[in-house]
Amino acid sequence: MTTFLLAIAVLIGGYFVYGFFAEKIFGVEPDRQTPAVTMNDGVDFIIMPTWKVFLIQFLNIAGLGPVFGAIMGIMFGPAAFLWIVFGTIFAGAVHDFISAMISLRFKGNSLPEIVGHELGSTVRNIMRVFSIVLLILVGVVFVLTPADLIAGMTPDWMDRMFWVALIFIYYIAATLLPIDKLIGNLYPIFGFALLFMAVGILGVLIYGAITNTITIPDGLTDGLHSRFTGDAAASHPIFPMMFVSIACGAISGFHATQSPMMARCLKNEKLARPVFYGAMVTEGFVALIWAAGAIAFVGGYDQMGEYMTTHQPGDLVHDLSFEWLGSFGGLLAMIGVIAAPISTGDTALRSARLIVADFMKVSQKKFLSRLAISLPIFAIVFALMFLDFNVLWRYFAWSNQTLAVFTLWACTVYLGRKQKFYYITLLPAMFMTAVSISYLMFAPRPEGLGMDWYISVGSGVGVSLLFTILFFYYLNRIKTGKSSRVFEY
């Protein structure tokens with residue numbers, strides 16, 4: 001338990017120490033007007049209270065990642081705790097904060113436009129397609145998951161399709177209405193439920209009658225040893241599999257699609273660290289609690305593997321919530337678990353609309369303009385709902401981390417151009433490049449190429465080094481005056 005509490009302390013300390021460091025490196029300008037002030041349109045560019053912007057950002061990026069992802073990730077053993085803490089501080093929170101700050105400086109532009117400005121028009125077009133596909137996958141996954149959870153708690157006539165229809169109708173409204181209407185009013189309720197769930201479980205872990213200890217075993221080698229056994233052990237090495245399984249609880253490319261949406265609602269740049277770096281740290285906090293809670297509930301790391309052979313993550317969430325928090329607390333906790341994916345799915349589709357509008361240069365002030373862009377997105381989401389959920393989730397997991405790679409390299413180029421301390425994003429960019437390429441090479445077919453682990457990891461490291469060399473080559477061209485930007489905001 002001491003190790004677990006230390007992990008929480010380090011995570012919170014990371015916000016104040018490394019978050020302040022990241023803020024100083026970028027150079028926040030409190031007197032600079034934000035897009036919410038200069039481009040207010042009453043729909044997407046709106047000044048909102050900071051606490052609402054924080055809650056919306058937190059719920060946007062959370063989804064089921066810090067819950068289901070942490071539960072699945074802890075099956076890799078104690079290394080999951082290390083990745084959640086250090087991944088959040090040095091990678092995920094920096095990724096979210098820097099991408100949001102760049103969006104603030106680029107008139108609230110969406111992720112593909114930001115990345116394209118730094119990495120070129122070809123990458124911009126790739127990112128436009130890649131981002132929209134990812135956001136549509138998020139919308140599909142986060143319609144089906146909460147629908148299944150609610151259907152299991154309601155009468156038989158309220159089956160999966162009944163809840164799919166209701167959630168989808170809500171998604172349509174949330175995508176089209178001004179952000180301060182539906183999303184701005186519902187998210188405080190959803191946020192309270194999700195945070196109550198996490199704090200309640202933390203209270204049980206600290207003060208409850210938990211018999212097993214939650215520690216990282218003595219010795220770094222043992223602590224980094226995967227807890228999978230048999231055939232699963234060979235197909236689930238910690239690197240790269242754990243770093244994809246625990247995505248939203250440490251770093252997620254999806255977050256960078258959400259940051260520009262909230263950058264359009266922020267009234268002052270000085271609030272960016274509490275909102276963006278702070279929301280990611282809060283998500284890491286929730287992931288830590290669920291990882292520890294899962295281990296405590298089943299009795300240990302080895303028992304976790306046995307439990308998951310006959311149960312789904314949703315079963316553990318349900319059983320833990322009601323057993324530890326009682327009937328009322330369990331119900332409130334389940335509301336939080338259900339609200340989390342819904343509050344991510346609706347803003348995913350809203351972000352998809354904004355990305356399309358940005359590259360088509362279509363104003364979103366008029367309702368019919370928003371509807372014209374959204375209808376094809378809704379049609380694709382509806383069609384994909386009939387595909388195999390497991391296949392959708394596997395491709396979402398990999399594409400999510402790959403998007404983080406593009407974002408981190410774009411942030412690194414931006415900082416390099418501005419002659420700032422770019423290592424703050426360069427190092428996580430190199431690491432996540434190695435993770436994504438290694439996963440693509442190693443993962444079993446059809447989501448990967450199913451190649452040997454050594455070849456896969458060697459390829460990942462090789463591509464990472466290649467990108468690093470190209471970055472320094474480009475940076476040298478800028479310094480020697482052989483390369484320059486055509487436009488600046």
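Modeller: A residue is called buried under 20% relative accessible area, exposed over 50% and partly exposed in between, using a 1.4 Å probe and protein chains only. Helices (H or I, at least four residues) and strands (E, at least two) are DSSP runs, numbered from the N terminus. This is a predicted model, in which local features need pLDDT of at least 70 and side-chain atom pairs count only at pLDDT 80 or more, while totals for chains, interfaces and linings use all residues. Residues are numbered from 1 along each chain as its sequence is written, and side-chain values use heavy atoms, with hydrogens and water left out.

The buried residues are Leu 111, Pro 112, Glu 113, Ile 114, Val 115, Gly 116, His 117 and Glu 118. Just after H6, Gly 120 takes a positive phi of about 110°.

Now the surroundings. The protein chain has 20 helices and zero strands. Its radius of gyration (taken over C-alpha atoms) is 21 Å, close to the 23 Å from the globule rule (2.2 Å times the number of residues to the power 0.38) for 489 residues, so the chain is as compact as a globular protein of that length. Of the 489 residues, 60% count as buried. With contact meaning heavy atoms within 4.5 Å, 82% of the contacts between residues at least 6 apart in sequence join residues at least 24 apart.

Thr 88, in helix H5 (residues 79–105), is also buried, with a relative accessible area of 0%. Apart from neighbours within four places in sequence, Thr 88 is in contact with Leu 11, Trp 83, Ala 93, Gly 249, Ala 250, Met 280, Val 281 and Gly 284.
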